[in-house]
Amino acid sequence: FSQQWALHNTAHSGTCNPAGTFDVDIDAPEAWGYVTGNPTVIVAVLDTGVNYNHPDLIGNIWSNPYDDCSNGIDNDGNGLIDDCRGWNFAAPDPGNNDPMDDGGHGTHVAGIIGARGDNGIGTSGVAWRVKLMPVKVFGSGGGGTTETLVNGIYYARDKGAKVINYSGHGANDPDLNDAIAASPNVLFV
């Protein structure tokens with residue numbers, strides 16, 4: 001946590017905080033005095049996947065309540081078989097139920113959002129108790145397409161995500177803008 005200067009800046013110097021400016025942060029410890037998260041809030045992480053076995057994330061990984069993840073059947077009728085922890089829309093192996101991170105970036109982002117805090121291991125995310133939905137839309141090198149991103153947005157929205165985080169592209173892409181506009185009750189970060 002001491003290296004997470006954006007959450008709580010103690011003026012240490014480092015590559016991400018070269019000036020070491022005290023208290024230029026989001027005041028996370030101050031906010032945690034009021035709330036540390038809400039496990040009913042689903043945050044979709046559209047990225048290179050998420051390491052859903054990571055010890056700081058495993059307790060916050062979303063699980064699809066409408067799909068029996070052991071029977072090889074599309075129980076929830078969304079066309080995706082056993083999408084227990086999210087979905088992989090990204091190349092080179094798209095269209096499967098394993099959104100495991102193969103690039104590291106998605107796990108890093110998920111940790112900033114929702115690593116379990118105050119558990120004596122690892123780091124702390126902004127929200128200690130939140131449901132993280134892994135949606136793999138980028139390959140290991142971070143490359144993806146508008147199609148994979150749009151598919152990920154619709155998937156996350158349809159599965160109940162109230163927040164969608166993606167480190168992506170396409171600000172002027174009409175298909176991406178349409179997907180965002182079709183999700184008016186979702187906060188995009």
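In this predicted model, Asp102 and Lys136 form a salt bridge, with their closest N and O atoms 2.7 Å apart. The pair links distant parts of the chain. Asp102 sits in the loop between β2 and α2 (105–114), Lys136 in strand β3 (residues 129–136), and 34 residues separate them. Asp102 is partly exposed, at a relative accessible area of 44%. Lys136 is buried, at 3%.

A search of the whole structure finds three salt bridges. Another of them joins Asp76 to Lys159, where the closest N and O atoms are 2.4 Å apart. Asp76 belongs to the loop between β1 (37–47) and β2 (87–88), and Lys159 to the loop between α3 and β4 (163–166), so this bridge ties together parts 83 residues apart in sequence. Lys159 is buried, with a relative accessible area of 16%. In the remaining bridge, the side chains of Arg157 and Asp158 meet at 2.8 Å, N to O. Arg157 counts as partly exposed, at 27% relative accessibility. Asp158 is exposed, with a relative accessible area of 55%.

Helix packing was examined next. Two packed helices are described by the angle between their axes and the distance between the axes. The axes of helix α3 (residues 146–158) and helix α4 (residues 174–181) come within 9 Å and cross at roughly 5°. Angles under 35 degrees count as roughly parallel, so α3 is roughly parallel to α4. On the α3 side, the contact is made by Thr146, Leu149, Val150, Ile153 and Tyr154. These residues meet Asp175, Leu176, Asp178, Ala179 and Ile180 in α4. By class, the contact has seven nonpolar, one polar and two charged residues.

The largest nonpolar core has 22 residues. Those with the most contacts inside this core are Ala44, Leu46, Met133, Val135, Tyr155 and Ile164. Two or more residues come from each of β1, β3, α3, β4 and α4. Helix α3 gives the most, with five residues. The surroundings of Ile164 were listed without residues up to four places away in sequence. On that basis, Ile164 touches Ala44 and Leu46, then Ile153, Ala156 and Arg157, and finally Val186, Leu187, Phe188 and Val189. Among these neighbours, Arg157 also takes part in the salt bridge with Asp158, and Ile153 in the contact of α3 with α4. A second, separate core has 14 residues, including Val50, Ile61, Ile113 and Val163.

Conventions: Residues are numbered from 1 along each chain as its sequence is written. This is a predicted model: local features need pLDDT of at least 70, side-chain atom pairs count only at pLDDT 80 or more; totals for chains, interfaces and linings use all residues. Side-chain values use heavy atoms; hydrogens and water are left out. Axes are lines fitted to C-alpha atoms, for helices over the stretch in contact, and angles run from 0 to 180 degrees between N-to-C directions. Helices (H or I, at least four residues) and strands (E, at least two) are DSSP runs, numbered from the N terminus. Angles under 35 degrees count as roughly parallel, over 145 as roughly antiparallel, 65 to 115 as roughly perpendicular and the rest as oblique. Contact means heavy atoms within 4.5 Å. Ala, Val, Leu, Ile, Met, Phe, Trp, Tyr, Cys and Pro count as nonpolar, Asp, Glu, Lys and Arg as charged, and the others, Gly among them, as polar. A salt bridge is a side-chain nitrogen of Lys or Arg within 4 Å of a carboxyl oxygen of Asp or Glu. Buried means under 20% relative accessible area, exposed over 50%, partly exposed in between (1.4 Å probe, protein chains only). A nonpolar core is a set of buried Ala, Val, Leu, Ile, Met, Phe, Trp, Tyr and Cys residues joined through side-chain atoms within 4.5 Å.
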